[in-house]
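I opened this model to see how its parts pack. These are my notes, in the order I looked things up.

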Amino acid sequence: MTHKGTYHLSKEALAEYVLLLHSGDSFALEGLYRHYVPRMQAYGISICGPDHKEEVSDAIQELFLWLARHYNKAAGVQNFEAYLFSALRRNLQHRFGVVQHDKTLLERYLQLTEPIKRGLSALRRTGYHPQR
């Protein structure tokens, strides 16, 4: 699925597409994709930042591929739009929460070890070299 040729659907058309999706209609899935992808892309970038456009696009594609395979699981959803955006947010938080956590740990490690590195450099400048 690509998001070329995006378009806006009326509330009535959206409701019809969601009903058709519940029966596995791939045309409806494509229509929903084209309708929502620009807003989902902007929303994803607002969560992750502009450096992660490709990852956001991948997450959106994965979400719609999941819907294509598991369309019946979305049948009981009252607010399809909220469902999509919540699923995207959770996916991105999962992806980038781990990355952000790892980045934070690395930054903390570098902060803690910097004084040690400076101290060793100062000792080496005086001619001291620890035995190995």
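I began with H2 and H3, which pack at an angle of about 145°, their axes 9 Å apart. Axes here are lines fitted to C-alpha atoms, for helices over the stretch in contact, and angles run from 0 to 180 degrees between N-to-C directions. The model is predicted: local features need pLDDT of at least 70, side-chain atom pairs count only at pLDDT 80 or more, and totals for chains, interfaces and linings use all residues. Residues are numbered from 1 along each chain as its sequence is written, and side-chain values use heavy atoms, with hydrogens and water left out.

I noted the crossing of H2 and H3 as right-handed. A crossing is right-handed if the near helix is turned clockwise from the far one by less than a right angle, and left-handed if anticlockwise. Next I listed the contact, meaning heavy atoms within 4.5 Å. From H2 it includes Leu 29, Leu 32, Met 40 and Gln 41. From H3 it includes Lys 53, Val 56, Ile 60 and Phe 64. I sorted the residues of this contact into 13 nonpolar, four polar and one charged. In this scheme Ala, Val, Leu, Ile, Met, Phe, Trp, Tyr, Cys and Pro are nonpolar, Asp, Glu, Lys and Arg are charged, and the others, Gly among them, are polar.

Is Gln 41 buried or exposed? Gln 41 is buried, at a relative accessible area of 15%. Buried means under 20% relative accessible area, exposed over 50%, partly exposed in between (1.4 Å probe, protein chains only). Not counting residues up to four places away in sequence, Gln 41 touches Lys 53, Val 56, Ser 57 and Ile 60.

Then I turned to H1 (residues 11-22) and H2 (residues 26-48), which pack at about 135° with axes 8 Å apart. That angle makes H1 oblique to H2. The cut-offs: under 35 degrees is roughly parallel, over 145 roughly antiparallel, 65 to 115 roughly perpendicular, and the rest oblique. H1 passes H2 in a left-handed crossing. Among the contact residues I found Leu 14, Tyr 17 and Val 18 of H1, and Gly 31, Leu 32 and His 35 of H2. The residues of this contact divide into 10 nonpolar, two polar and no charged.

I looked at Leu 9 next, in the segment before H1. Leu 9 counts as buried, at 9% relative accessibility. Leaving out residues up to four places away in sequence, Leu 9 touches Leu 14, Tyr 17, Gly 31 and His 35. Leu 9 and Gly 31 lie 22 residues apart in sequence and 8.3 Å apart in space, C-alpha to C-alpha.

Which residues touch the most other members of the largest nonpolar core? I found Leu 32, Tyr 36, Met 40, Ile 60, Phe 64, Phe 80 and Leu 84, out of 28 residues. Such a core is a set of buried Ala, Val, Leu, Ile, Met, Phe, Trp, Tyr and Cys residues joined through side-chain atoms within 4.5 Å. H1, H2, H3 (53-69) and H4 (80-125) each give two or more residues to this core. H2 gives the most, with nine residues.

Helices (H or I, at least four residues) and strands (E, at least two) are DSSP runs, numbered from the N terminus. Of the 132 residues, 27% count as buried.
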